[in-house]
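I open this notebook to record what I looked up in the structure shown here.

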Amino acid sequence: MIGAFCAVLVAAVAAVIAMPLSPIASVQARDEPAANDELWQHEKAVALLAIAEADFDRATGKLSNDDYAILRSDYEGRALRAIGELDRLDTLPVVGLAVVPAGFCGHCGVRFKDPDRYCSSCGSARG
Amino acid sequence: MITIGNLALYLALATSLYAVVASIYAAQAHRGEFVTSGERAAYATWGLISITTIVMLHALVTNDFSIKYVAAYTSTTLPVRFRLTALWGGMEGSLLFWTLILTTLTSLALFQNRCRNRELMPYVTATAATVTAFFVSLLVFLIPPFALLKFPPAEGTDLNPLLQNYWMQIHPPALYLGYVSWTIPFGFAIGALATGRLDDLWIRTSRRWCLMAWFFLSLGNLFGARWAYEVLGWGGYWAWDPVENAAFMPLLTGTAYLHSVMIQERKDMLKVWNMTLIILTFALTIFGTFLTRSGVISSVHSFTQSGLGPYFLTFLAFVLLISFGLVAFRIRELRPRHQLDSLLSRESAFLFNNLLFVGIAFATLWGTIFPVLSEWVRGVKITVGPPFFNRVNGPLAVALLLLMGIGPIIAWRRATFRNLVDNFVVPTALGLAVGTAGFACGMRSLSAILVVSFSAFVLYTIAAEFHSGARARGAMLQESYMSAILGLMRKNQRRYGGYVIHVGVVFMFLGVTMSSIYRTEELHTVKKGEQFTIDRYTLKYMDSENKEDSHMAQLIATLDVYENGKQITTLHPEKRFYKRPEQPATEVDMRSTMRDDLYVVLGSIDDQGVATFQAYVNPLVWWLWFGGVVLVIGTAIAAFPSKAATLHERARVTSTIRR
């Protein structure tokens, strides 16, 4: 009984770890949600909240107008870039894309590095 | 069952090593499928260590004395709740429990980031799996938890009586969580260094992990202090014991880090410093584990000593070498984009705060390892006691308290004369007034006067921060004062949660300072019916009672306590004699109020019924524990921002950008 349980345990562990390396799993991986969208959403949220903090610090006298202008322009730039990227991602089909910029993953939109054969984010093969 | 436990442990070593290799290969070769496979191996390690732990818990609860560990740390008379906590009563079990926490947190971090920060994650997996592999290899090769006895005894040796206490049920888990949680931010830092993503992405991503680690480390230290206060029976809660210091040092560097990251997020400065702090904090958690388990320095925590010291030191050297090697490799990219503009600025206040934290950590480290160093160099072990730590760390801590008031109200970049006048005149005057009032009331200790004075200064500045914040918010959003106060708490939780934590820390400062400086301690020997007086309390020894069961014998004294001639309570201090192992223990009884604690220890009762009591009055010590409660509330506010409020704030700012 214990011997059988041990055998099942070893087999289960091996299967769980080896599964992503099999061709079946890479098909499953393509169905995962897009990572890049979340990344830019996060970047946008951080920049917007940083602007809100700067507004508040200026209003309470902790930040001079000059510093506020520098900070605000920096974070506005980051927020606008994130918003732009999100808008761009919105215009792209998500899975099995017909229109994907060269050098980007057709599934999640992450840019490939030169030697990449698979996407470092979602595991999809480079087309 | 034991076969399953052993198999799961061996498999955990294999899966954790595979996770290291697969993740590093995946990151270097850009192979996404190996990233996933490495993560799966980390999840599998968690599952396997959980199985090992369940097997061990089963053995402890069912008193399987064929296992050496179970026979050494439990008995048939030990209550079940203590059989469960015997998991961290000895070396093998505590390291297994440590590994369980580590793999659980690793799995949580991987799951949380399954669709985010994919560039960093292989390195996070590899780092956490390396630490896991180290701990599991200790369990597999050096201290197997399921080692068997050739001749199992009919009865176990039992758990150390000092550990048979409520606080010992929660102190080690909290402390271990605090120690182990630093592995995750450290993993992100290694990921940032390895990938070259040296912006504040890794800091933002690991922020909540840092807060969690800091929170549990604080809580673990506090629970430990409470345990010492209730169980060790010497009237105090902190003795600068090497193992206490070991838990205190990462708390100091971790607190420094939590402050200095704000400078990096805002000003893109202190990148090298922040990397150094996170590496040091993690290294100090390993060093702490080394101190507890090596036996190189004598400590009240001797129940987990062994000969593992050299292995921990080797691993520590490996961690420092790899980490600082990566920092050196990226040193050009870590250079700051901005410089400090003025010494009178919030950036400088943060920098001084960091120097003080690191200064206290260094002094504590020096005092802790000095006995070992002196023995190596001169052949004589010179012990450094509490006077050294109090003399060196006391002034630094008081300076930190002052900075806690200055930091929040001084302007960023450069404070103008106007800013200084507007923000500092009133709190400074208040601090001076409170200090003078303390002197007039009979305080003659400079430390005590400075602490009450600075505490008033800090509490005022925090109140003023809430007030000016509410006014600014009210003006910006046309809100009423009360709505603005609530809005501040909901929409800027990180900042205002931090202020609440500061309030808790001020309470702790007051509790520690007053109870250390103005403690009264007296020894009295009395017959039944006689009384003695300490401070404003009169204690009348009424009776004593003997109790005995199969687990222990108890000698319980009854004391009626009077204040101004009126009975206010009855205390029952005890002396216990545990039967396995044969060991006496003290059960303190106390009456705790906001003003002071009356703390009574039963020394002995002789054949004629004459009893000896050690009595203490510890002023304001209640505020130390209450400060801990405030700290919990503040951390909860800072760590879990309201999603709705955050979304609303984002929408408001977006509208101002696009306008």
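At what angle do helix 5 and helix 6 of chain B pack, and how far apart are their axes? I find an angle of about 165 degrees between helix 5 (residues 91–112) and helix 6 (residues 121–142) of chain B, with their axes 10 Å apart. Axes are lines fitted to C-alpha atoms over the stretch in contact, and angles run from 0 to 180 degrees between N-to-C directions. Helix 5 of chain B is therefore roughly antiparallel to helix 6 of chain B (an angle over 145 degrees).

I note the source conventions. This is a predicted model, in which local features need pLDDT of at least 70, side-chain atom pairs count only at pLDDT 80 or more, and totals for chains, interfaces and linings use all residues. Residues are numbered from 1 along each chain as its sequence is written, and chains are lettered from A and ligands numbered from 1 in the order in which they are written.

I then looked up the contact (C-beta atoms, placed from the backbone, within 7 Å). Residues of helix 5 of chain B, including B:Leu95, B:Trp98 and B:Leu102, meet residues of helix 6 of chain B, among them B:Val131, B:Phe135 and B:Leu139. By class, I record 13 nonpolar, 5 polar and 1 charged residues in this contact (Ala, Val, Leu, Ile, Met, Phe, Trp, Tyr, Cys and Pro count as nonpolar, Asp, Glu, Lys and Arg as charged, the others, Gly among them, as polar).

For the whole chain, I record that residues 24 or more positions apart account for 72% of the contacts in chain B with a separation of 6 or more. The C-alpha atoms of chain B fill a box of roughly 85 × 70 × 55 Å along the principal axes. I list 20 helices and 10 strands in chain B (DSSP runs, H or I of at least four residues and E of at least two, numbered from the N terminus).

Methods:
Two residues are in contact if their C-beta atoms, placed from the backbone, lie within 7 Å. Angles under 35 degrees count as roughly parallel, over 145 as roughly antiparallel, 65 to 115 as roughly perpendicular and the rest as oblique.
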